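Let's take a walk through this protein together, starting with a term you'll need and then working from the whole chain to single residues.

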Amino acid sequence: MTPWSNENLSSCAYADPYAAPDPHDSPWLTPVHIGDDLDVDYFLPPPNPAERLSRILAPRDERRLALNVALTAAGIPPMPEDRAVIDQLSALPADVNTVLQRWLHHAL
């Protein structure tokens with residue numbers, strides 16, 4: 001077996017990982033159209049704030065999401081079988097949900 005030597009590394013090609021990309025190579029390619037090759041991958045353009053949906057969550061849904069966040073932040077990630085209980089807790093008045101979140105926040 002021949003021992004490996006790094007004395008002749010000057011013959012290797014060097015690629016600078018921090019080099020600036022060519023300005024003509026844009027990561028924002030055009031979206032795929034019907035009939036295009038579907039193996040092409042491209043970045044999605046940044047979202048346009050003017051096109052955002054203006055929907056407001058129902059208070060019960062807000063409480064359900066807040067309870068899921070509080071449980072996860074407390075190190076108790078909700079399991080799929082906990083969904084029914086979380087839905088029932090979210091149906092309780094907002095004061096109950098606030099107290100539950102405060103208890104979970106102080107449990108950290």
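A residue counts as buried when its relative accessible area is under 20%, as exposed when it is over 50%, and as partly exposed in between, using a 1.4 Å probe and protein chains only. Keep that handy, because Asp-61, with a relative accessible area of 29%, is partly exposed.

A quick word on the ground rules. This is a predicted model, so local features need pLDDT of at least 70 and side-chain atom pairs count only at pLDDT 80 or more, while totals for chains, interfaces and linings use all residues. Residues are numbered from 1 along each chain as its sequence is written, and side-chain values use heavy atoms, with hydrogens and water left out.

**The overall picture**

The protein has three helices and zero strands, where a helix is a DSSP run of H or I with at least four residues, a strand is a run of E with at least two, and both are numbered from the N terminus. Of its 108 residues, 8% count as buried. Its accessible surface comes to about 10100 Å², with 60% belonging to carbon and sulfur atoms; that area comes from the Shrake-Rupley method with a 1.4 Å probe.

**The core**

Which residues make up the largest nonpolar core? They are Leu-67, Ala-70, Leu-71, Ile-86, Leu-100 and Leu-104. Such a core is a set of buried Ala, Val, Leu, Ile, Met, Phe, Trp, Tyr and Cys residues joined through side-chain atoms within 4.5 Å. Helix H1 (59–73) and helix H3 (94–106) each supply at least two residues of this core, and H1 gives the most, with three. Leaving aside neighbours within four places in sequence, Ala-70 is in contact (heavy atoms within 4.5 Å) with Gln-101 and Leu-104.

**A closer look at H1**

The buried residues here are Arg-63, Leu-67, Ala-70 and Leu-71. They cover an arc of only 95° around the axis, so they sit on the same side of H1; the arc is that of the directions from the helix axis to the C-beta atoms. These buried residues pack against helix H2 (83–91) and H3. On the face turned away from the buried side, you'll find the exposed residues Val-69 and Ala-73.

After H1 comes Gly-75, with a positive phi near 85°. Gly-75 is in the loop between H1 and H2 and is exposed, with a relative accessible area of 55%. Gly-75 and Leu-104 are 29 residues apart in sequence, yet their C-alpha atoms are 9.4 Å apart in space.

**Salt bridges**

Side chains of opposite charge can pair when their charged atoms come close. A salt bridge here is a side-chain nitrogen of Lys or Arg within 4 Å of a carboxyl oxygen of Asp or Glu. How many does the structure hold? It holds two:

| Pair | N to O distance |
|---|---|
| Asp-61 and Arg-64 | 3.5 Å |
| Arg-64 and Asp-87 | 3.9 Å |

Asp-61 and Arg-64 both lie in H1, three residues apart, which is about one turn of the helix. Arg-64 counts as partly exposed at 27% relative accessibility, and Asp-87 is partly exposed too, at 24%. Arg-64 in H1 and Asp-87 in H2 are 23 residues apart, so this pair links distant parts of the chain. Together, Asp-61, Arg-64 and Asp-87 are linked in a network of salt bridges.
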